[in-house]
Each structure stands twice: as C-alpha cells, then as structure tokens.
Amino acid sequence: MSHTPRVALLYGLNTSGGLIYGYNSGVIAGALDLVGATFPLNAIMKGILTCSLLVGAFFGCMVGGVVANKLGRRTSTVIAGVISLLAPVASSFSNSLPLLCVLRGVLGIGLGLAAVVVPLYVSEGAPSDKRGVLGTIFQLAITTGILLGYVAAIIFDDVTHGWRYMFGIGAVPGLLLLLHTPIMPESQQWLAGRSLDGEAAMLINSPDSKGNKFGDLLLPVNRRAFWVGILLCITQQLTGINAFMYFSPAIFTAAGFSSPLLATIGLGAWNVITTLIGTFFVERLGRRPLILGGTIVMAVSSTLLGLAYIFIKGSAVGIISVILLLIFVAGFEAGDGPLFWVVANEIFDPSVREAGASIMNATTWICNLALSLSFLPATQALGNAPPMLFFGGLGFVCVALLWAFLPETKGKADKY
C-alpha cells in the first residue's frame, strides 16, 4: 500500500477506534436517568451499570495483547469491530437490567480490545514523521465521541425509551471500524515476528525476536519502560480528569448556569478543541515537553481549585471553578490525554509491545474504576477541597517523576 492511502487508512482506523471508546463510555452519563424510567435503578445498580463497561474494558485490555500477538492485528481488529457492532445493538433491545449490565460488559471487552490493537497497529504502520500526529487522533476521536454522547442525551431526553436509541447508536463506530478491515494489510512487524514471509524469516534468529510475555516486562532491559508506563497511567487517570468531568455539572450550577447540561456540552466541545494542541505540537515539540507541561498545568489548576473552595465564598468560587476547569482540561488534552496513546506504544521494545500496551491500557481502566467508585463518597465525606488538593499534590509528584524518568520517544518507536 502506497504512502498516502496507508496514512488515510491509519487515520480512519484511529478515528473509528477512538469513537468506539469515547461514545460508548460517555453516553452512559446521559442515559442513566432514562434507563431508570424503564428499570428500577437505585444508587448501587447505577454504579453497577456504569462500571460494567469499565470492568469489561479491563478484561478486553488484558487479553488484547495476547490476541494481537497470537492472531495478528488485522484479525484482532475484526474481533473488536464485531463486538463493538453487535453489543450496542443487543444492549438497545435489553429486556432486563442484569442483561443490560452483561451486554455493556461485553461491549467493554470490545472497547478494551480496540484500545489496545488499533493504536498498536497505527504505531507500527505510521511513517515516523507522522506517528505522533496519527497517535493523537485516537484521543481526538475519544473526545469527539464523548461530545456526541452529550448531544445524544439532549436529543433523546424526551423520547420514550430514548436510552435504547442512545445505546444503539454506539454500534456505528464499530461498523466504521469493520469497514476498514477489508483494505487493512497485516502489520509488517507482526509478520516479521511470525516469520510469515521470506524477508521476515531472516529475522527469526535476531536478538530482537523474543517472546511476548507479560513477565518479560519486568526483565532488566524492559523494566524502565514498564514503570514509566505505569507512571503515565497514574498521571493520566488519577490526577483528576474524570473527576473534573463528573463534577462539571455541579461546577456549572454553582457558577449560575441555567442549563448545566448545555454547559457540559460546551465543555465537551472545549475538550475536542484543546486536543488539537497536542495534535499540532506533538511532532514539533516532542512528547516529553507536552506531557510535562500539561501535567504542570493540571496540578496547578487542581491545587488552585482546592484552595478556592477553602478561602473563597459565594458566587465568585463558581466562576473561578469554571475557569480552572477549562484550564485543567486544556492541560490534559494538550499533554497526557492524546500523548498517552502515542507513548504507550513507543516506549516498549517490539518484543514486548503487545504486552506493554495491554498492561498500560488495563491499568488506566483500573484507575478509572477506582476513581469512579471513590470520588463522590470522598467529596461527600470530606467536602470539595481535599480531593482537589489531593489531585494537585499527586500531579506535582508525577511531574517530578516524569521529569526524572520519562524519555523523549519522538522518532524512537523501536527502542529508546
């Protein structure tokens, strides 16, 4: 496949994979109350329904590297596409809450598999001068999918059983992913590792032709990449991005917005726009400066917001909260948000890339689940300020560790 069609294919694959991730994870926020009109939903069942996708995604990520290594990138993408097509359709026809939770979990498996395989395939197939930009497209598609989920919540809010339509629409990105697979050649790096062609056969005795096992990540040669990967997961998920997004309606209400839902859609649009910062600068400035700069912005914003909740009273704290929320999101989307998908594949040696990508993606879902289960209880027990100060403090710790250990991976996809 020539250069231009190949790049177009990679753009399409990353867009489809990101939309699967973004829409299906974001749509639940607007669908919960509508589901509650069909099936009785107490707080526990809301939590189970919300977390079923996260649990499924964790398992999808854990098996993603194994599937990609055994079956190849193309077959793995087909599997992810089929699951991401059928599970949302089946969810929309659910006649019981337990079945709906199970099907959302199955969708999570497809989502997790796509989150591992698609960025991995793009990283291996992208021209070196476009690898960073192509990698950030996945995050741009995620934010676009989340925004579309917010829009769907408004469109179907007054529609009987509107949640069925909202969940059913989630099949569209899966279909788009499948439509790319007939013209999707297998990854040449995977073929080389499997010695499926004559040229690859010469590599079978190469020092780089090692097994791809999770345990190999802890070998001395791979240990630094493993721990940097875990640090990136913590930086992306536990410094507060999802807490800010969950908390945004309350922030907008405190600031005096008459329609918090419309304001949240505005936040979703800001989320998309600021992702373009990372897309534009990733090949100009490199990965390391953007991640460090974005994390500093996030840590400062969280700390200032925590202090504002302590020392500022009245309507002023609402306005300040909105400003800091927008700054925080901009910092995340300029650095940790999109760059995670790039660096997650670049930091690992090809011999352990599938395993490394699986572990990193699974760790992000564990962190996401932990934050989802703990944030609201923490704010109810401690108030708004302590969690924000915790996010800020953890952010500064992550900045120090990233400064010390994060390598620049621009142009170094195979090793660093």
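Biologist: How are α14 and α18 oriented to each other, roughly parallel or roughly antiparallel?

Modeller: Two packed helices are described by the angle between their axes and the distance between the axes. Here the axes of α14 and α18 (residues 385–405) come within 7 Å and cross at roughly 155°. Therefore α14 and α18 are roughly antiparallel (under 35 degrees is roughly parallel, over 145 roughly antiparallel, 65 to 115 roughly perpendicular, the rest oblique). Axes are lines fitted to C-alpha atoms, for helices over the stretch in contact, with angles from 0 to 180 degrees between N-to-C directions. Helices are DSSP runs of H or I with at least four residues, and strands are runs of E with at least two, numbered from the N terminus. This is a predicted model: local features need pLDDT of at least 70, side-chain atom pairs count only at pLDDT 80 or more, and totals for chains, interfaces and linings use all residues. Residues are numbered from 1 along each chain as its sequence is written, and side-chain values use heavy atoms, without hydrogens and water.

Biologist: What is the hand of the crossing of α14 and α18?

Modeller: The crossing of α14 and α18 is left-handed (the near helix is turned anticlockwise from the far one by less than a right angle; clockwise is right-handed). The contact of α14 with α18 has 18 nonpolar, seven polar and one charged residue. Ala, Val, Leu, Ile, Met, Phe, Trp, Tyr, Cys and Pro count as nonpolar, Asp, Glu, Lys and Arg as charged, the others, Gly among them, as polar.

Biologist: At what angle do α14 and α15 cross?

Modeller: The axes of α14 (residues 287–311) and α15 (residues 315–334) cross at roughly 165° and come within 8 Å. That makes α14 roughly antiparallel to α15. The crossing of α14 and α15 is left-handed. Contact (heavy atoms within 4.5 Å) involves residues including Leu-290, Gly-294 and Tyr-309 of α14, and Val-317, Phe-328 and Ala-334 of α15. By class, the contact of α14 with α15 holds 14 nonpolar, five polar and no charged residues.

Biologist: How many disulfides does the structure hold?

Modeller: A disulfide is a covalent bond between the sulfur atoms of two cysteines. The structure holds zero (the cut-off is a pair of cysteine sulfur atoms within 2.5 Å). Cys-51 is in no disulfide, and the nearest cysteine sulfur, in Cys-101, is 10 Å away.

Biologist: Is Cys-233 buried or exposed?

Modeller: Cys-233 is buried, at 0% relative accessibility (buried is under 20% relative accessible area, exposed over 50%, partly exposed in between, with a 1.4 Å probe and protein chains only). Cys-51 is buried, at 10%.
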